[in-house]
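Here is a short report for a first look.

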Amino acid sequence: MGQIEWAMWANEQALASGLILITGGIVATAGQFTQWYLGTYSIAAGVLICLLEYPRGKRSKGSTMERCGQKYMTRVVKLFGPLTRNYYIRAFLHLGPGAVDPLLTALLSPASTLAPARLSVPAGFLLATILGTACLVIASGIYLLAAIRGEQWTPIEPKPKERPQVGGTIKQPPSNPPPRPPAEARKKPGEEAAAAAGAPTGGPQENPVPVTDEVV
Amino acid sequence: MLILLPVCRNLLSFLRGTCSFCRSTLRKQLDHNLTFHKLVAYMICLHTAIHIIAHLFNFERYSRGRRATDGSLASILSNRSHQEKKGDSWLNPIQSPNMTVEYVTFTSIAGLTGVIITIALILMVTSAIEFIRRSYFEVFWYTHHLFVIYFIGLAIHGIGGIVRGQTEESMGESHPDNCSEFFEKWDDPKFHCKRPQFEGLPAESWKWILAPSILYLFERILRFYRSQQKVVITKVVMHPSKVVELQMNKCGFSMEVGQYIFVNCPSISYLEWHPFTLTSAPEEDFFSIHIRAAGDWTENLIRAFEQQDSPVPRIEVDGPFGTASEDVFHYEVAVLVGAGIGVTPFASILKSIWYKFRHADHNLKTQTIYFYWICRETGAFAWFNDLLASLEQEMEELGKVGFLNYRLFLTGWDSNIAGHATLNFDKATDILTGLKQKTFFGRPMWDNEFSAVAAAHPKSAVGVFLCGPQTLAKSLSKCCQRYSSLDPRKVQFHFNKENF
């Protein structure tokens, strides 16, 4: 299939699942479903996932289109260093929410015990949020594939604008005057007559016809 | 349903052909088929969300009704009807108070298919985001085939009959308007209301998707059949900057200007079909495409053709598709603007115009052409350069120098190129392209160009044709409006954005 960066697709999938988790959580909380507090949890998890996944990583080949306004989040995500750079960690983080085990336990017994640790395991208990967790499992699978292939999240940084160096190429001004013929040869014969007649000498150029500057 | 129809390319071509009596503006709408496909997809996503949320609330109510013991209408409807088990007359699919909604979801056909097809839909949508589609097309193409699962799941989604409705008979004897308030008395044999009977409503989605699915199946079979037809490669030309031109022949193939074909090369990839604009004119006895190396498939193809000793790889062709740009011939003055790769269809158009002009074709109303070619660097389009040079030469021979006026704008220039150009200012031909017209650097100033054209042709209808980016389309259409005079007898600019 050529050079595919799975991380890019995983990123889209995770962002979509985050949004679906938020929606499912809102539905569960607003409708006051049974165990609706899990819905609030899923809203929080969804928001966290969206924030993490919003800044798109840089493609290794070719130019990457940034999402609008992502540079603020890029700075925050960059702060976490290897935690966010490594895709194995992201795969594990997303897998938490969607692990199959809690789903099975929910099917067999409607227990409300929250499983420890991982990000959205509890959301797997509530029907409204199962869809989000299932999508997140898939995203985590694709991230795992990306991590196995050695991809990494690199932030998209704006290139520092090269300010044109004003005067950078100007070195020392020339110290010697340009070569000129000796003073006697420089003086033209007309000049003396003009100097005698009192007409203005306009430098080296002698205009045969008087020239006026026409300004419109 | 509606989402399958816009992607039946051959069906659309057929419609275009049969509706040739319709005005071309109507037929042009068929070119926006992919936009329509995307709009319908957004609608499907929206309605899926609404559907799921509605069912979530519904199941929550069922669950509460099953667990309610307060003798309310909901609990009686849930409990009584199930205990009866008279035939199939239950209402609440949740059969016992201990059963969770999640259990019902995953053990009923409707729930399971619902979850599966929604996940398929989400995968299809995330891989179809423009960024992913343009950068990694294979991911998009193969994932999008999940639509098969989607449609099969959709057809069987309603089979279980979980959504229940009151039977006709029961509606006759105990209508909810009369009887819903007196639910305590339903058991009373002397009361006029009896217990309502429910039955599962039948699955209906298959009725909607059957016909388009069959049409789409025909479409794929037709594409396969056309791909099996023999394509003879008559000539392979290697152009500079890794561009290969393939001249081919296929039995029964007839094209118009501005159309495109899909090409498959089984020795490189069985399943990948890539679109290429046709660069030959219909008057020629072959059809040709120019392929530039821009990714795995194209690079492999060029490499395969570069090898002189091994046999020429087999090519399969499907097409031609797309609305023909015949409108170009209907304007007295044509302004053609090709930006970057958008210059390719103009190769076909220019060649065709030239042929028609030479043979004094009556359909050709064009008297003057202004061609603007905008690109970053001419390297990959050297072949187009040669085409312009040969056209230039032929026009000189026929003495019709004013027929084709072209301007090349190089937007990716640097001080070296500019310096070079300044030094060679006096030469008759351009140093970069070898053409008589000098190359301009930077983007064209459309105001100047339009006013010059308007001044040169004060009474004509000028057709402006663009193949290029959207921003350019906006500025051109603005210029068209600005420079069209209010008097309809004087110069009028008509903007056509060709979607190649």
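This is a predicted model: local features need pLDDT of at least 70, side-chain atom pairs count only at pLDDT 80 or more; totals for chains, interfaces and linings use all residues.

## Fold of chain A

Take the contacts between residues at least 6 apart in sequence: 71% of them join residues at least 24 apart.

The secondary structure of chain A is helical. There are 9 helices and 0 strands. Read along the sequence, the pattern is α-α-α-α-α-α-α-α-α. Chain A has 216 residues, and 39% of them count as buried.

## A serine in helix 2

Helix 2 of chain A spans residues 37-53, and A:S42 lies in it. Is A:S42 buried or exposed? A:S42 counts as buried because its relative accessibility is 0%, and the cut-off for buried is under 20%.

## Nonpolar cores

In soluble globular proteins, nonpolar side chains tend to be buried together. Here the largest nonpolar core holds 47 residues. Its members that touch the most other members come from chain A and chain B. From chain A they are A:W6, A:W9 and A:Y87. From chain B they are B:I132, B:V139, B:Y150 and B:F151.

Leaving aside residues up to four places away in sequence, A:Y87 touches A:A7, A:Y143, A:A146, A:A147, A:E151, A:Q152 and A:W153. A second core is separate and has 33 residues. Among them are B:L350, B:M395, B:L408 and B:L410.

## Where the chains meet

How many residues of each chain are in contact? Chain B brings 30 residues, and chain A brings 34. Together the two chains bury about 2,800 Å² between them. Carbon and sulfur atoms account for 75% of that area. Between chain B and chain A the count of salt bridges is 0. Polar contacts do occur across the interface: the rule finds 3 residue pairs, with both residues at pLDDT 80 or more.

Now take the side of chain B that touches chain A. The elements of chain B that give two or more residues to it are helix 3 (33-67), helix 5 (101-107), helix 6 (109-127), helix 7 (130-135) and helix 8 (137-144). Helix 3 of chain B gives the most, with 7 residues. By type, the residues on this side divide into 16 nonpolar, 8 polar and 6 charged.

Key. Residues are numbered from 1 along each chain as its sequence is written. Chains are lettered from A and ligands numbered from 1 in the order in which they are written. Side-chain values use heavy atoms; hydrogens and water are left out. A nonpolar core is a set of buried Ala, Val, Leu, Ile, Met, Phe, Trp, Tyr and Cys residues joined through side-chain atoms within 4.5 Å. Buried means under 20% relative accessible area, exposed over 50%, partly exposed in between (1.4 Å probe, protein chains only). Contact means heavy atoms within 4.5 Å. Buried area is the accessible area (1.4 Å probe) that two parts lose on being put together, summed over both. A salt bridge is a side-chain nitrogen of Lys or Arg within 4 Å of a carboxyl oxygen of Asp or Glu. A polar contact is a pair of N or O atoms within 3.5 Å; within protein, one must be able to donate a hydrogen and the other to accept it, and residues adjacent in sequence count only if both atoms are side-chain atoms. Helices (H or I, at least four residues) and strands (E, at least two) are DSSP runs, numbered from the N terminus. Ala, Val, Leu, Ile, Met, Phe, Trp, Tyr, Cys and Pro count as nonpolar, Asp, Glu, Lys and Arg as charged, and the others, Gly among them, as polar.
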